[in-house]
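The following questions and answers are intended for a reader who is new to this structure. Each answer sets a value against the rule that applies.

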Amino acid sequence: LQSTFSLEDDELLCDFRKFGSLRAFDAGARRMKELPSSIGNLKHLRYLSLYSTHINQLPDSICSLLNLQTLILDYCFLLERLPQNMMYLRSHRHVFLKWCRLIEMPPKIGQLTNLKTLTTFVVGKSTDCSLLAELKCLNLQGELCIWHLERVRNPMDAKEADLVDSKILVGWN
């Protein structure tokens with residue numbers, strides 16, 4: 001049984017515990033400013049689109065969505081960080097981050113070995129973020145934009161990423 005609900009922008013701050021078996025949630029192009037932490041209760045959620053919303057952070061509870069396969073955050077201009085425990089989302093296959101203003105990637109992104117799509121990778125300044133070398137662990141397809149290559153401290157990190165023969169790479173600062 002599939003159901004479709006249409007919510008107004010002010011209703012998007014609902015309690016997701018009411019929708020326990022929800023498989024997909026699309027709030028794209030809404031004026032939504034925050035995602036309720038109750039999103040973590042949607043244990044069956046596989047698809048989450050927050051495309052072009054006004055959110056500036058994702059709740060840590062999103063890391064409880066162990067079945068989440070697709071996360072769309074394209075054009076979330078206010079989003080600066082992803083939750084630190086993203087490495088536990090092992091079912092992730094697609095993460096779309098075009099034109100987000102991320103400061104850095106969360107640590108251990110290379111553990112998402114099922115990941116096929118990662119549209120953006122941001123080299124961070126801090127020591128508790130993913131290193132460029134973690135891209136070697138991923139079997140990505142499609143386009144990947146790498147931001148802030150000037151932040152790579154150790155040239156061996158770039159060499160370890162082993163992107164020389166990659167047919168997917170489009171990188172710029």
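Q: What joins the side chains of His-148 and Glu-150, and why does it carry that name?
A: In this predicted model, the two side chains are joined at 2.9 Å. A polar contact requires N or O atoms within 3.5 Å, so the pair formed by His-148 and Glu-150 is called a polar contact.

Q: What makes Asp-74 a residue with no salt bridge?
A: The nearest side chain of opposite charge belongs to Lys-98, and it is 5.9 Å away. A salt bridge requires a distance within 4 Å, therefore Asp-74 has none, although it is buried.

Q: What does the side chain of Asp-74 reach, and why does this count as a polar contact?
A: It reaches the backbone nitrogen of Lys-98 at 2.7 Å.

Q: Where does Asp-74 lie, and which residues is it in contact with beyond its neighbours in sequence?
A: Asp-74 is placed in the loop between strand S3 (70-72) and strand S4 (94-96). Leaving aside neighbours within four places in sequence, its contacts include Tyr-51, Ser-52, Phe-96 and Thr-119.

Q: How is Lys-108 classed, and what is its phi?
A: Lys-108 has a relative accessible area of 43%. That value falls between the limits of 20% and 50%, so the residue is partly exposed. Its phi is positive, about 60°, although Lys-108 is not a glycine. The residue is found in the loop between S4 and strand S5 (117-118).

Q: How do you know that S4 and S5 pair?
A: Two bridges link S4 and S5, in the parallel sense. Pairing requires at least two bridges, so the two strands pair. Val-95 stands opposite Leu-118 in S5.

Q: What makes S1 and S5 the edge strands?
A: Five strands form an open sheet in the order S1-S2-S3-S4-S5, with parallel pairing. S1 and S5 each pair on one side only, and they are the edge strands.

Q: Why is the pair of Phe-16 and Phe-25 called edge-to-face?
A: The structure holds four aromatic pairs. In this one, the ring centres are 5.0 Å apart and the planes stand at 85°.

Q: What makes Tyr-75 and Phe-77 an aromatic pair, and how is each residue classed?
A: Their centres lie 6.0 Å apart, with 75° between the planes. The limit for centres is 6.5 Å, so the rings pair, and the angle makes the pair edge-to-face. Tyr-75 is partly exposed at 30% relative accessible area, and Phe-77 is partly exposed at 40%. Together with Tyr-51, they form one aromatic cluster.

Definitions and conventions
Residues numbered from 1 in each chain as written. Predicted model: local features only at pLDDT ≥ 70, side-chain atom pairs only at ≥ 80, totals over all residues. Heavy atoms only, no water. Polar contact = N/O pair within 3.5 Å; in protein donor to acceptor, adjacent residues only side chain to side chain. Helix = DSSP H or I, 4+ residues; strand = E, 2+ residues; numbered from the N terminus. Buried < 20%, exposed > 50% of the residue type's maximum accessible area, 1.4 Å probe, protein only. Lys, Arg positive; Asp, Glu negative; His and termini not counted. Contact = heavy atoms within 4.5 Å. Phe/Tyr/Trp six-rings, centres within 6.5 Å; stacked < 30°, edge-to-face > 60°.
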